[in-house]
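Hi,

Here is the structure I promised to pass on. Have a look at it first, and then read my notes below.

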Amino acid sequence: MSIFARKLLGTILAVAALGVLIGLYVADWATSFPKSMPARTLPGNSQGADLTLETVAAVGSKYSPSHPSWVSYLIRSNGQWVHNTDYTVPANSVVHVTIYQFDTPTGLRNPFLSQVQGTEGGTATIDGKTVNAVEPEEASHTFAVPELGVFVPLPGVPEESKHLCEEAPCELNMDHRTISFSFRTGKKGRFRWQCFVPCGAGWYFGNGGPMQTFGYMDGFINVV
Amino acid sequence: MSSNPSAAQPSPIGDERNHARRFATIWIVSSIVAVPLVILLLGPILPPGNGSEQSSGQVTDNTVLLAMATPVLLLIVLYLFYAIVNFRQPKGAALEGPAVRGDVRIQTWWIVVTSALVLSLAVYGTVRLVADNGAGSGSGPNPLTVPSGPKLPVQVIAQQWAFTYRYPTYGGVETPHLWLPNDENIELHVTSLDVIHSFWAIQLGVKADANPQVDNVAFVKPTGVKTFEIRCAELCGIWHGEMFDTGHVVERPEFERWIHEQQVKFAPATKNLPPYSTTYQPEPVRRGG
């Protein structure tokens, strides 16, 4: 084999190897998702599962060293708050959701989403009171699964509150709102959920940063 | 090597004429066969289908475009194969090809024919747009032409990442899904509450940009009860790919039943809505700034 042919072959092999490595890296990146957190299965004969979540104004450096000031959801798992937005719930069952909401109001961009939709009875319980809507400007976040028709506005803690939680994990002795509701799952599938309040502080229209990055104000509901 | 190099090169002029005649014959015959096939076989299955008067018109337009493009495509592809077959360098020979010189007649024909094609398509497209009241596209806040007769106004509101719909003639009720009555002119007012989106009702042949502070009007007349796919056609953020829905075209009584159901169901939200407007300036933006 001539020197030219050897060089050509070497170059082709090197380019091919580089291409394969880049392909593997991209494939790994594109298919990597955080581990899904299972909802707590209800004991005994009760059907369904429990999801306990909290929304915080700042996720803190403990949970997100790269973006400690970003607003986020967390899930309660084994007595600990975990920074994860990918949840697994059972199919054809009722999911009971409790959200401890520690953030102040921002307001809805579209007041249509001030109505509770897609929950059992079309209502949610806010601080013990059953409601079917909130004032649009009082909303701090929403928990919405559009494909399942679930939209629940989460009212904010008044800005003048004395014990506002600065960053996660926020404990229940801090000022908060408690929102609970149930929704029924159908067939198996993977459904996107998101917050519809423009709550990304300091971003254009409030829809950048944590609103555009998976794992903060959005995630998946895996119905299995 | 040949002792007489000129013997290896046949008379170029006579050969070129033969090639030109032969290739022109192949091309014309192929076009005569292919164009009717394209119109009759491919035309009926072209997108976006026949879900509305506008989408049917688009099928016709796509068929016309394809029929006109077919001879051009054949010209290029057939010539490629013709050249590969006929102008190969003989094995073992190292011949210099004839010098390439301009041909005023061919160049003139080329410019005239391609210009005529492009200009006639531009005229055709303009006529179709005007005659079909925008042909399902967003025509801005003041469309040049408007369908005659009554029209049902429906507002399409885009936001990251969902479409909702408002019916101003039904108390301004807003709904999470789009239902339309069959065989009626619909006047869609498309707008956005945040960034640029695009409302695309695929089988109805409607595509209209949803821009903040802009009332983009599009007209559509559904032809038949059906469901249709709705998608955002403008990359609008992380969940752009999830911004989809299924729309419904139903007969008028079914539509009336549905819209009254929506009015009752979404009464709490309707109380919180601002008065109907062609655009909205959403507030607050305290956090986003």
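**What I found**

In chain A, 42% of the 224 residues count as buried. Keep in mind that this is a predicted model.

Staying with chain A, there are 2 helices and 14 strands. Its radius of gyration is 22 Å, well over the 17 Å that the globule rule gives for 224 residues, so chain A is more spread out than a compact globule. Along the principal axes, its C-alpha atoms fill a box of roughly 85 × 45 × 35 Å. If you take the contacts in chain A with a separation of 6 or more, 69% of them come from residues 24 or more positions apart.

Now over to chain B, where I looked at one sheet. It is an open sheet of 5 strands in the order E3-E2-E1-E5-E8, with mixed pairing. E3 (173-175) and E8 of chain B stand at the edges with a single partner strand each, so one side of each has no neighbour in the sheet. From one strand to the next, the twist averages 25 degrees.

At the E3 end, strand E2 (residues 162-167) of chain B runs antiparallel to E3(B), joined by 3 bridges. B:Tyr165 has B:Thr175 as its bridge partner there.

At the other end, E5 (residues 185-192) of chain B and E8(B) are antiparallel and joined by 5 bridges; B:Val190 is partnered with B:Asn216.

So is E8(B) buried or exposed? 5 of its 5 residues (216-220) are buried, so the strand is largely enclosed by the rest of the structure. B:Asn216, B:Ala218 and B:Val220 point one way, while B:Val217 and B:Phe219 point the other.

Cheers

Methods:
Residues are numbered from 1 along each chain as its sequence is written. Chains are lettered from A and ligands numbered from 1 in the order in which they are written. This is a predicted model: local features need pLDDT of at least 70, side-chain atom pairs count only at pLDDT 80 or more; totals for chains, interfaces and linings use all residues. A residue is buried if 20 or more other C-beta atoms lie within 10 Å of its own, exposed if 12 or fewer, and partly exposed in between; C-beta atoms are placed from the backbone. Helices (H or I, at least four residues) and strands (E, at least two) are DSSP runs, numbered from the N terminus. Two strands pair if DSSP finds at least two bridges between them. The radius of gyration is taken over C-alpha atoms; the globule rule is 2.2 Å times the number of residues to the power 0.38. Two residues are in contact if their C-beta atoms, placed from the backbone, lie within 7 Å. Axes are lines fitted to C-alpha atoms, for helices over the stretch in contact, and angles run from 0 to 180 degrees between N-to-C directions.
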